[in-house]
Amino acid sequence: MTSDLFGNAVATAEDAPGGFRCAWCGTWVLLDQPDPHRRFCGDPCRSKAWEKEHPRVPVQNLGKLTRAEKILERLRQGKATGLELLQAGGGTRYGARVHDLRGQGYRIVTENEGEWPTYRLEE
Ligand SMILES: [Zn+2]
């Protein structure tokens, strides 16, 4: 046992059989009451460890592309008819999504206006 400036007893790691080392940052933690379930010095370390074990996926990207993103992915593989965009997951309103993509600055050319127009991405 050592003492601080005010003469209070300060436990050191060596003195602390009831302590444990934080599983995240390695800080020695002393508990008044031993708690065998506690693994971290505090909430910040507990949440960091939790986030590492359970990586967060952005909400808009839970393994699911937006319709516009699917259309973009399809067009990056080469030109596609409206039917192909629809089949790629672009939805029945693929034309509106193509319009949105153009609004975002993608140069998408419509090559013919037949029953199924053909779209081509210029990169
Ligand atoms: Zn910690």
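Q: What pattern does the protein follow along the sequence?
A: Read from start to end, this predicted model follows the pattern β-β-β-β-α-α-β-α-α-β-β, and the protein has four helices and seven strands.

Q: OK, and how do α2 and α3 pack, at what angle?
A: Helix α2, which covers residues 67–76, packs against helix α3, residues 82–90, at an angle of about 125°, and their axes are 8 Å apart. That angle makes α2 oblique to α3, and the crossing of the two helices is right-handed.

Q: Which residues make the contact?
A: On the α2 side the contact is made by Arg67, Lys70, Ile71 and Arg74, while α3 brings in Glu84, Leu85, Ala88, Gly89 and Gly90. Sorted by class, the contact of α2 with α3 has three nonpolar, two polar and four charged residues.

Q: Switching topic, which residues of α2 are buried?
A: In α2, the buried residues are Ala68, Ile71, Leu72, Arg74 and Leu75. They cover an arc of only 165° around the axis, so they sit on the same side of α2.

Q: Why would residues three or four places apart point the same way?
A: An α-helix has 3.6 residues a turn, so residues with that spacing point the same way.

Q: And what covers the buried residues of α2?
A: The cover includes strands β5 (80–81), β6 (107–112) and β7 (118–122), together with helices α3 and α4 (94–103).

Q: What about Gly78, what is its phi?
A: Gly78 follows α2, and its phi is positive, near 135°.

Q: Last one, how much of the protein is buried?
A: Buried residues make up 11% of the 123 residues in the protein.

How values were computed. Residues numbered from 1 in each chain as written. Predicted model: local features only at pLDDT ≥ 70, side-chain atom pairs only at ≥ 80, totals over all residues. Axes fitted to C-alpha atoms, helices over the stretch in contact; angles between N-to-C directions. Parallel < 35°, antiparallel > 145°, perpendicular 65-115°, else oblique. Left-handed = near helix turned anticlockwise from the far one by under 90°. Contact = placed C-beta atoms within 7 Å. Nonpolar A, V, L, I, M, F, W, Y, C, P; charged D, E, K, R; others polar. Buried ≥ 20, exposed ≤ 12 C-beta atoms within 10 Å, placed from the backbone. Arc of directions from axis to C-beta.
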